[in-house]
Amino acid sequence: MRTASAPVRLLAGGTLAAVTLTGAVALGAAVGETSIPVETVLKTVANRLWAAGYALDPIDEGIIWNYRIARALVAACCGASLALCGAVLQSLLRNALADPYILGISAGASSGAVAVAILGLGSGFLTLSLGAFAGALIAFGLVALLALGAGRGPAAIILAGVAGSQLFNALTSFIVTKSATADQARGIMFWLLGNLSGVRWPDVWLAVPVALAGFVLCQGHARALDAFAFGTQSAASLGVPVKRVYAALIAAAAFMTATMVSIVGSIGFVGLVIPHAARLLVGVRHGVLLPASALIGAAFMVAADILSRTIIPGQVLPIGVMTALVGAPAFAMILIHRPVAR
Amino acid sequence: MYSRTLRFLLAAAATTLFAATPKAAFAQQTHYPLTLTNCGQEITFEQAPERVVSVGQSSTEILYLLGLADKVVGTALWLGPVLEEFEAVNAEIPRLADNAPSFESVLSAKPALVTTQFESQIGPKGVVATTAQFADLGIPVYTAPADCIGKDNSTGGDGLRTETFAMDLIYREIDDLARIFDVKERGEALIADLKAREAAAKEKIATLTGDISAVFWFSSAELQTDPYVAGRRGAPAYIMSTLGIRNVIDSAEEWPTIGWETIARADPTVIVAGEMDRRRYPADDLAVKLEFLRTDPVTSLMPAVREDRIVIMDAQAMNPTIRTIEGIEILAEGLAQVGLAK
């Protein structure tokens, strides 16, 4: 690899990414609650993409195209976005424990979802997802204001995030204990742990552009992120417009995370651990780290979703349970077997 | 008070109940103190309770049907409108809460007995209060046998049935309450009436045309996500087995969440959609349910939807209640209407 030129590496990387993503989505289309032959899956794709006109059971075709593929694509976007945001925030805030939810987004989304589902706020036109999205942005806005007031530096942002998260978590608990019945609370819990069952094509048309735009924006700042590794002052002395980069990246991360959380719920673990795994595999240079995080995150999330649907027959587990259950041991393996010197 | 009882007896009971059994069939009087074993606990009555708070619509309606409305000093946990014949009576009785009442609101009604339809409300870990909390104050709690016999509520949620529900459990509840209030004759009349209705509904579809299967859709936490459908041991299972219909769902949970993928491929002959006043989730609304079935890319292709084999049923009938009989009548009627039975 050392002798390979940049275009060759780019081509190799691009091919690897394309193959991995296609493979993951194909697996997502082929495996589900019920068993549908792989041949039917391939014919469905041919029918839909190239109007091949194979005669198929319309229900099978509908399940594969409208349920499974839409779901796999959203899972991939969601995994990629969360991992990407994690990688960006960990560098920007210079904290290994930073994750997309450190900006209060998960807590805000819960409050928003609970306000809609239990208090019936804006009932009729506000859905659970819109409520979660609004809650996430409000919480992030509050955290941002708090951070601005608290002074500069990563520590201020992290502390503001902690304070904001606590506040919104308390608000959620307040609403739940005040007004929810046991089964309402259970429904909300299930939603908060992440669930891709309701995902359809309209969600894909929301998730794909947000994930792509977010990726392009972050990738464009890869060099600046490299500079941040030496601290904000060093970055500034290297000619990085620190404030602008901070604002742009944090806002982008908040927006991406809020979008994904509002589609699938707060899925933990991915945003925290995938960037570390990627760093151990490809190193710390953001030009490579960001795409690697996104790719691993995407593939990981699709795999976790498949497992969540199939590990207990006839029952769907929250995907957040799956990501941690599978991800934690996998991460432990990487930690133990990582190359000692890099 | 006396006149209300009289009016009530004339209006409701006399028309149907006493017509069903000859007056000569004298039931035994209750001898106090009366000790009953209810849901694993012994409860004792020195005399017929004068004041009762009822948590759960079915419990409340059983008391009304037994002509005990004048003893009811508070009600809670309503899923839909009260039985039509009790509208006037019910309007005069304080409704402590539409959903779960608070412990103190129950106490402030000074009940000599509390009846509960669900252990999740009042039971070992009840959200209103525990049975022990009421026992400390000398207030006995009567729990609907349908919620504790052959049912494990320790797993949370709607519980897990270890034995299939049968109307005998409701008849037992009627009989117990009739004994507690020393109105055994009315209890026997009510049970005889319900049994007669069940037999008549069964008669109606003496001949089913072929193998008929069904799925009972109660609601969904989010419109497009996996719906709550009837497991194989709850009230819908009883309705189906009474009429010789196969349930396409095989879970032992009371209301498991099963993916549309599984339901669509199971291809039920009939879809039974729940109708209710509750508006906790968007899919509680029957119109929203029907709209989903007809527009979702997969469910709209299901033969049951395309050929409009959708039966509308009050959600109360889908829970183990006195209205489960009504569920048998409605489904029998619905099958006859779509030409599946003679």
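The model is predicted. In chain B, five strands form an open sheet with parallel pairing. Elsewhere in chain B, E222(B) lies in a loop and is in contact with residues of chain A.

**Sheet in chain B**
- The strand order of the open sheet is β5-β4-β3-β6-β9 (chain B), and the pairing is parallel.
- At the edges are β5 (95-97) and β9 (141-143) of chain B, each of which pairs on one side only.
- On average, neighbouring strands of this sheet are turned by 20 degrees against each other, with direction ignored.

- Two bridges join β5(B) in the parallel sense to strand β4 of chain B, which spans residues 72-76.
- Opposite T75(B) stands R95(B), a residue of β5(B).
- Helix α2 of chain B, residues 57-65, packs on the sheet and touches β3 (52-55), β4 and β6 (113-116) of chain B.
- The direction of helix α2 makes about 135 degrees with that of β3(B).

**Surroundings of E222(B)**
- The loop that holds E222(B) runs between β12 (213-220) and β13 (227-229) of chain B.
- E222(B) counts as buried because it has 20 C-beta neighbours inside 10 Å, and the cut-off for a buried residue is 20 or more.
- Apart from neighbours within four places in sequence, E222(B) is in contact with L128(A) and G198(A).
- E222(B) and D284(B) are 62 residues apart along the chain, and their C-alpha atoms are separated by 9.8 Å.

Technical notes: Residues numbered from 1 in each chain as written. Chains lettered and ligands numbered in written order. Predicted model: local features only at pLDDT ≥ 70, side-chain atom pairs only at ≥ 80, totals over all residues. Pairing = 2+ DSSP bridges. Helix = DSSP H or I, 4+ residues; strand = E, 2+ residues; numbered from the N terminus. Axes fitted to C-alpha atoms, helices over the stretch in contact; angles between N-to-C directions. Contact = placed C-beta atoms within 7 Å. Buried ≥ 20, exposed ≤ 12 C-beta atoms within 10 Å, placed from the backbone.
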